Structure formats: C-alpha cells, structure tokens
Amino acid sequence: MITLTDFLVVSVALFCIGLYMVVSKRNAIQILIGIELILNAAILNLVAFGKYDKVNNSGQIFALFAIVLAAATTAVALAIILNVYRRYKTIDPNEINKLKD
Amino acid sequence: MDNFLHSIQSLNYTVAAVALPLLAALINFCMPVKSKAAGWISTIAILLSCILSAKVFATVWNHPQIHAQRIWFTIGQTQVYAGILLNNLSVLMLLLVSVIALPVHIYSTAYMKHDDRCSRYFTYLSFFCFSMLALVVIDSLVLFYAFWELVGFSSYLLIGFWFTKDKAVQANKKAFIMNRVGDIGLLSAIIILFAQFHTFDMDTIFAGKGLIAQAVIKNGLWAGPVSQIPAIWQYVACAGIFLAVAAKSAQFPLHTWLPDAMEGPTSVSALIHAATMVAAGVFLLGRVYPMFTEMELTILACIGCFTAFMAATIALTQNDLKRILAYSTISQLGFMILAMGVGAYASSLFHLATHAFFKCLLFLVAGIVIHQMQHIKDDNHLDIDPQDITHMGGLRKKLPVTFIAAVIGALALVGLPLTSGYLSKDGILIQAFEWSDGRNVWFKIIPVIALLTSWLTAFYVARLIFKVFFGEFRLLKTKPDVKLHLGDGNWPYTLPLILLAVCCLFPLFSFNPLSYERAWLFEGLRSSTHNTGESIYHSLVPISVNVISLLVLFTAYRIYAWESGFAFSQRGYFYRLSYNQWYIDNLYKRAIVNPVLRLGSACFWIDRTVVDGLLHLLARISGAIAKLAAWTDEYIVDGFLHLLAALVQSIGNFARKFQSGKVQYYLFSMLVIVLLLFILKILI
C-alpha cells in the first residue's frame, strides 16, 4: 500500500533535486528542467492530496491544468533563452550579469 | 603807521631770506646728483638772502625790536605761540650768517667742481644755511630747539660728506653724538623754563623787563611771577644751557668733536667755524643771557678761559693745517664765552662777528693750500698728507693773493691794531681786567691767563704762516724731483678771499682803529648801563698785548722763516701734553667710549645668548609642540577618519556582493534566508 507519505517523500525529493538544479546548473536549459522538476513536485502533491478532496478527481484535473500551463511557460522560457542566446552568445546565467550595479 | 609798514616789510624780507636757502636746497635735492648748476642755484639763493638780510639789518639795527607771532597750537589752557623776533642780536646774526655764507658758496662752486656728488653738497650747504638763519630769527624755544637740531643734523651730513672715508664717518658720528649731549641739556633747560614761566616765548622770558628779570632766588626757592619751584632747577637749567653751548660752540669738556670735524670739505669747515655751527652756541648764550646769576657767570668765565688756554696750547704743536685752525677756533670761542662770563656781552658778540670773518678767511686760505698740495700729491703720486704743514713752505711766491689774505687773517686773529680782531679781542681783555678788579685777588688769574692765551695765539698763528708761506718748499728737500705748478686759482677762489680780507680790517667796524668802544657794533649791543670807564687797563692792556705779541711774532719769524736750525725739543712733557691734545680724547676713549662699547658688547652678548636663546628655546618648544600636533593629526584624527571610511567601505563592499547580477546567487540567498526564517521560527 502506497501511502500519502511516500508520495510526499518523492515530491520533496523532486523539489529538492529541482531546487538544486536551479541553483547550481550553468546552463539555462538545465535550470529550466529544474524548474519543471519543481513544478512536477507540486503537481504530484496536488494529485496526492486530491484523494482527500470532497470533489472526485478534482486534483487530477487541476494537475492537467497545471501541466498545460507549465508547457506554456516552458515555451515562453525557451523563447526567452533563445533571445538571450542571440544577444549574448551564451546561455550560462552567470555570464548574463548586465543588471549588476 | 609808517613804522608798522616798515616792520611788516622787514618781517617779509626776513621770511624770504630764511626760506630762500631752503628753496635752493629743495631744488638741488630734485636735481640729478652730478648737476653742475646746483652750485649757482645755492649761491644765488644765498646772495638774495644776503641782500634781504642787509635791508632788514638796516631797518631794525638800533631801532625798537620787531616781534610778530601767531598761535601755533593750544594744549588745554596753554597757548603756544611761534613767530619772528628781530632785535639787534638777531639781525646781526642774520646778516653775519648770510654774509659769511656767500663767499663760502662762491668758493665752493670752484672747490667742489670735480666732486661726483656736487649737487648733494650744495643741497646740504643750503639746508645748513637755512637752519642757521631760521635759528637766529625764531622766537619760540621749541622751534629754536628744532632748528638747533637741524643745524646739528646738517653739519653731520656735511662733515661726513666724503662718507667713503672711514675717518670722516667717525668724525661726523663723534660730532653728532657730542652734540646730542648738549641737546639734552638744552631740552631740559627748555622744559624747566616752561615749567617755571608757562611760555616758550623768548621775548617774554628774556627781554629786559621779562619774566626772568622778575624771578628771584631766595630761601632755596626760585620764585617767578607765575609760579615758584625749588632753586635747584634754576641751576639745572643753567647747566643745561651751558652744556648746549659747550657742545655747539666746542667748549671744554665737549670740544673734541670740532678738530675731528676737519674731515669734511674745507669750505664746510670754514662755514662751521665762522658763522653757522659754532656761532649757534654763543648766540644761544646771547639770547638767554639774563638767566645767568653772578656765580654762574663766573663759572662760565672760568670754563671759557680754560678752554681758550688749553686750545691755544694744543694749537702750538699740531702739524695738520686745519687742525691748528680748529684749535684756534676753540680758543677764540673760549674768549667769547669768557667775555659773556665777565659781563662783556657786547664784546663777546663783537668778537663773534669779527672772528667769523677772519676765521672764514683763514679756512678758505687753508682750502686753497690743501688743494694745491693735493694736486702735487696726485700729479707726482706721492704718499703725503696734503694738510701737513711740515711739507709746505715758501708758498708766498707761488700763491701771492692767498698769502696776502692769510697774513691779514692772521694779523686779525692775533689782534694787532688796524684789524678787526684788535677791536674785539682787546675789548674782551680790558673788560676781563675791569671785572676782576672789584673781586678777590684769585680772580686776577682769569684775565692773566686770557692775556697769556693771546700771546700763545700770536705764536701758533705765526708758526702756521711762517711754515706755510715762508722759507723753502720743504717737500723739495726730501723729494727733489717733484714738479710744481701752483697758482691762486681763478676768481671763485680769489674773490671770496679779497672780500673777506677787506672785512677783516678795522673800517668795517669802527672809524677809530684803536678804541673798541667806538665800534658801531659794540655800541649797538651794549647795555645802556655800561660805563665807559677810563681805567688804566684801556691803555695798559693793548700795549702789553701788542708789544709782546710783536716780540712773539718776531721770535717765531726767526725760528721758522729763517730756518735757523733751532727746534723745540719734541720729548718734553709739555710737548707731549700739547701734541696729544691734553690726552682728552684718550681720556674720553678710556673713560666713556670704551666702557660704552663694552656695555654695548655685553648687551649684544646678552641679546645673543639670553634673549635670543630664550626665543630660540621658545621656537624649538613650539616646533616640538607643532610636530606633536602634526603627528596627532595625522595618526589619531586622520586615523579615526580613515578607520570610519574603511569601515563604511567594507560594509559597502559586503553589501555590494549581493548585487552580483548572478540570478542563481540571488535565488540561493533567498533560499538560505527563507530556511533561516524557518529554523528561527522552529527554535523560538
């Protein structure tokens, strides 16, 4: 029997891996992947807690919305990365520091 | 009314006569130093002064005095007047000074022609004449003192005219300092007189019925019409006046500046000795004469007599032409002071006037002789003193006009009949004998010494004349190859000599060549109470003076002109006493000059070590304090500020690190903070 705790542990693991990636990776694409991981951890949480909702399958539906939104945001993010690359010829976030004082 | 107009006119003439030399001095001062016109400007000014003075003299002489004054300034209740006082005494001096100055100016134009600073010379000379002319006509004691100082100052300039000569600088310093001693006396006398009489006006104080005549000394008090002060002040005032007279008129003990003053140009010596400088002292005595009491006059007579005798003995052995004449001046001034002391007021001033002419003449002669000797020295590159009479001799053939003038001047100085000197000097001697008659037998010493002095005078004058003008030219004996071309010089040299020589003869002063009492000058100055006594002295004194003088002259002629080989011993005590001028200079040097110099160097040492040392110590202390302050400023104050700055900078740098522009870093920081918040929340 898979309990809620197991889901939450997987979710926390995903979240932490995503967070680590966002903080440490030197490539914007990988950071984007990290963000996706964090998003998926949240979606997993939605699905896991959806079992306790009064309305049936509302968690799963909400997760579907979230996945769609994530796809959209990923598209936007990829477009941004593409534009950044065009301008700076790199996608290493450490190199892109024009906002520095 | 007519009288009034006359006096106004006389006053205007007087002011013009006094101001003209000053104007000339100012013009010359503005001219370039080498200008040759300066001499003529000064000469014309003094010529005009002379004419104006003569007019004033003609108006005022033997007429009531003219006195004009106006308020000069007011202090509190005291009004101080200043003005012009013209009486017989002042117009006589006015005329005398300008008449003597005129030939000196003419002579100077030639004498100073080749000097580089000719224009400066005439500036000083005119200024000198101005000071003296103003001195004789002024009526206020304060202004009198001012001009007295100016006379001293301008003589200082002229004595030190050749200021590159060390001796000239020493001489003018000496003259100035010795005159300062007298000036202090005069100043204190003026202050005392003002304290007693509350006025500076000489006419009010010293006139016949003036304040001083009303003041009496009794019970140790000097009671005047205005106030009374202890009698001691009267003596102090008289001593002050005497000091002033002694300094200016070169009386013992302040006479030593006059022989040294010979370092100036000879024409200046002529002026100083005849009319301007030394006459000021006798003139002052004439002005303040009523002030002296019987006893003070006796002291005056003693000092005058001593000075006359001492100077005459010194003049016997000197070899410097000008120095002999200088000592003879001191001697004759001694006669004048003696005359004042014995009450022969008129004779004293009479002698001043006659002496002015013949002494001026003798100095101009000396100037010509020295000039010629200087030429010989320069032409032949000799190393001789041009003033030393032992080199001279036989000049009577080479310088005939000069010789005749010198003989006339010398005879007047000796006081032989038919000259002016006879009239004035014998007058003094006769009156000195008459004065001593009514007194203790000891008082006879004074006229006897005066008599002796006039014989000594005959000897030194004869020595001078015979050594310079008679015999052989001595320089040729020692240096036979010397080439000579001598001459009297052109008219600026001879004209003054002739003028003055004529003035040395009796007709200028009296138509009776034998009686001084008939001289107009004497009659104009003597007091009405003077009794023309017919004492035995009137015949005895002149005869004894002249007979013995003639004998002395003849002896001197035998000794010096024939060159008989006879010579006085030069080792005797008296010879050394006389040759070293009675050791008075040495005494002053030991007793006054050296202690003062030592005091000066002691003060210098104290100044250098103690005062300067203190200052240096102070400087060093403040330097150290400053260094400490600088160190404090640099390391403590600045250090604190630097610390603050560094602190702020490091905080800033620390804060800057967060603005690195690295997105992940921001994100990481946010994460850390959120985690920290959570941990804190759990802990608290």
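These notebook entries record what I looked up in the structure above.

**Entry 1: conventions**

I am working with a predicted model, in which local features need pLDDT of at least 70 and side-chain atom pairs count only at pLDDT 80 or more, while totals for chains, interfaces and linings use all residues. Residues are numbered from 1 along each chain as its sequence is written, and chains are lettered from A and ligands numbered from 1 in the order in which they are written.

**Entry 2: chain A**

I began with the secondary structure, where helices (H or I, at least four residues) and strands (E, at least two) are DSSP runs numbered from the N terminus. Chain A has 3 helices and 0 strands, and its pattern along the sequence is α-α-α. I then looked up the radius of gyration, taken over C-alpha atoms, and the globule rule, which is 2.2 Å times the number of residues to the power 0.38. For chain A the radius is 17 Å, well over the 13 Å that the rule gives for 101 residues, so the chain is more spread out than a compact globule. Its C-alpha trace spans about 50 × 25 × 25 Å along the principal axes.

For burial I used C-beta atoms placed from the backbone: a residue is buried if 20 or more other C-beta atoms lie within 10 Å of its own, exposed if 12 or fewer, and partly exposed in between. In chain A, 15% of the 101 residues count as buried.

**Entry 3: chain B**

Chain B has 26 helices and 5 strands. Its radius of gyration is 37 Å, whereas a compact globule of 684 residues would be near 26 Å. Along the principal axes, its C-alpha atoms fill a box of roughly 150 × 75 × 55 Å. Buried residues make up 47% of the 684.

**Entry 4: the largest nonpolar core**

A nonpolar core is a set of buried Ala, Val, Leu, Ile, Met, Phe, Trp, Tyr and Cys residues joined through C-beta atoms within 7 Å. The largest one holds 212 residues, and those touching the most other members include Leu94(B), Ile100(B), Leu133(B) and Cys360(B). Helix H15 (residues 345–380) of chain B gives this core its largest share, 21 residues.

Leaving aside neighbours within four places in sequence, the contacts of Leu94(B) include Ala17(B), Phe57(B), Leu133(B) and Val137(B).

**Entry 5: the hairpin of chain B**

Two strands pair if DSSP finds at least two bridges between them. E1(B) and strand E2 (residues 78–86) of chain B pair in the antiparallel sense over 9 bridges. Arg70(B) has Ala82(B) as its bridge partner in E2(B), and Phe73(B) has Val80(B). The two strands form a hairpin with 2 residues between them, and Gly76(B) in the turn has a positive phi of about 60 degrees. Of the 10 residues of strand E1 (residues 66–75), the number buried is 1, so this strand lies largely in the open.

**Entry 6: the three-stranded sheet**

Strands of chain B form an open, antiparallel sheet in the order E3-E4-E5. Strand E3 (216–218) and strand E5 (228–230) stand at the edges with a single partner strand each, so one side of each is left without a neighbour in the sheet. For angles, axes are lines fitted to C-alpha atoms, for helices over the stretch in contact, and values run from 0 to 180 degrees between N-to-C directions. The twist averages 25 degrees from one strand to the next. Helix H9 (residues 232–248) of chain B packs on the sheet, touching E3, E4 and E5, and its direction makes about 80 degrees with that of E5(B).

Most residues other than glycine have a negative phi, and most peptide bonds are trans. Ala250(B) counts as buried, with 31 C-beta neighbours inside 10 Å. Phe252(B) and Pro253(B) are joined by a cis peptide bond, with omega about 5 degrees.

In chain A, Lys89(A) has a positive phi of about 60 degrees and lies in the segment after helix H3 (58–88). Lys89(A) is exposed, with 8 other C-beta atoms within 10 Å.

**Entry 7: where the chains meet**

In the last entry, 10 residues of chain B are in contact with 10 residues of chain A. Helix H26 (residues 663–683) gives the largest share of the chain B side, 5 residues.

Terms used: Two residues are in contact if their C-beta atoms, placed from the backbone, lie within 7 Å.
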